[in-house]
Amino acid sequence: MNTKKIWQAFLKPGWVITAVLIILFSYFAITVLAPWQLGKHEVKSAQNTQVRTALRTDPVPLTEVFTPAGDLPEDKQWRQVTATGHYAPETEVILRLRSINGNPVFQVLTVFTTDDGHSVLVNRGYVPQQKNSGVPQIPAAPTDTVTITGNALPGEPDSGRQPTSDENHHYVLDINLPQISSLTDTDLASGYVQLAKDQPGVLQPIPLPKLDGGPYLSYGLQWIAMGVGAPLALLYFIRMELKERRRDEREREEIEALEVSYAAPSTAAGSEPAPGERAGSATATAGQDALSSDGAEKTAATAPAAASDEEPQRPTAPTRSRYGGSRRNPYTKFEARRQDRF
């Protein structure tokens, strides 16, 4: 096939649209989707490293982690801290719509005032949510002076969901510290403390996060593989299409040559005999009439078999599987046998 025929074969709407879609998919897969997943993997890995380091570090006083303004630096999140002071049970807030290990729970948030006068929100843990019932009875926090240990965590952003209240509790949907500070009328730090187990006032402690990398790395590699594999698949089908078209062209040329050779015997058989041949044929006919009846019957029985030469079959294109390589379709012979039988 020449270059012009190749361009004509592939400059068709089906091939053009397929190529454009594959190019766009590969571009977004490699430049957008893969970096997105790999970036999440890097963030998760950094968080896991920070959590491991923090959990292996001995607890320090709350004032060594929080700034004097009450801010929690990002590099000190999950650090184990200790604080001495007392709870303020009247400021208790219930965090709704949370789950632990797939089970709905209520988390209990209580303000803790340290001996030096700072106020920090403490997540005391959770109580299971009962079916078809409200908030279960929550054990009250101790009112005397205690020393607690927990992990320093940042507050959550404001989702826009407003708190609610009833005669027993205040309810929130996020650990948004400015919102809870306004709700409890206290000046809270910008981070909170999640109580560890066996601490004063703890309920059922919230489990620590699983320190695995998640599926983000494999997702990123899969997007890269698909972004590279899609153009390669397109090139493969283009190559197979060219190969198939070249094979069709060769078979067409072979068929044309066979048709020419098929037409030659037919022309020779259909030509009229010369005058000399006609006279010889008449003489032969007269001689045959003089033969005996047995000889005539034998000659008449064998003459058609001698005169009827087999006509050559008209050549046809072989049936092949598209993109099936150079082998013929193996099911063609079974179809031919079925047609001969029935």
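Helices (H or I, at least four residues) and strands (E, at least two) are DSSP runs, numbered from the N terminus. The model is predicted: local features need pLDDT of at least 70, side-chain atom pairs count only at pLDDT 80 or more, and totals for chains, interfaces and linings use all residues. Residues are numbered from 1 along each chain as its sequence is written, and side-chain values use heavy atoms, with hydrogens and water left out.

**Exercise 1.** State how many helices and strands the chain has, and what share of its residues is buried.

Solution. The chain has eight helices and eight strands. Buried means under 20% relative accessible area, exposed over 50%, and partly exposed in between (1.4 Å probe, protein chains only). Of the 342 residues, 28% count as buried.

**Exercise 2.** Locate D198 and W78, and decide for each whether the residue is buried or exposed.

Solution. D198 lies in the loop between β8 (188-195) and α5. Its relative accessible area is 72%, so D198 is exposed. W78 is placed in the loop between α3 (62-65) and β2 (80-100). W78 has a relative accessible area of 18% and is therefore buried.

Next, take the backbone angles. Most residues other than glycine have a negative phi. D198, not a glycine, has a positive phi of about 65 degrees. Phi of W78 is also positive, near 70 degrees.

**Exercise 3.** Describe the surroundings of G125.

Solution. G125 sits in strand β4 (residues 119-128). Its relative accessibility is 1%, so G125 counts as buried. A contact means heavy atoms within 4.5 Å. Leaving out residues up to four places away in sequence, G125 touches F106, Q107, V108, L203, Q204 and I206. The C-alpha atoms of G125 and P207 are separated by 9.2 Å, and these residues are 82 apart along the chain.

**Exercise 4.** Find which residues form the patch of positive charge and which form the patch of negative charge.

Solution. Patches are made of residues with over 30% relative accessible area and no salt bridge, like charges being joined within 9 Å. A salt bridge is a side-chain nitrogen of Lys or Arg within 4 Å of a carboxyl oxygen of Asp or Glu. The positive patch on the surface holds R239, K243, R246 and R250. K243 lies in helix α5 and, at 40% relative accessibility, counts as partly exposed. The negative patch on the surface holds E253, E254, E256 and E259. E259 lies in helix α5 (residues 216-269); at 34% relative accessibility, E259 counts as partly exposed.

Terms used: Patch = residues over 30% accessible without salt bridge, like charges linked within 9 Å, V, L, I, M, F, W, Y side chains within 5 Å. Areas by Shrake-Rupley, 256 points an atom, 1.4 Å probe, with all protein chains shown as cover. Lys, Arg positive; Asp, Glu negative; His and termini not counted. Charge placed at Lys NZ, Arg CZ, Asp CG, Glu CD.
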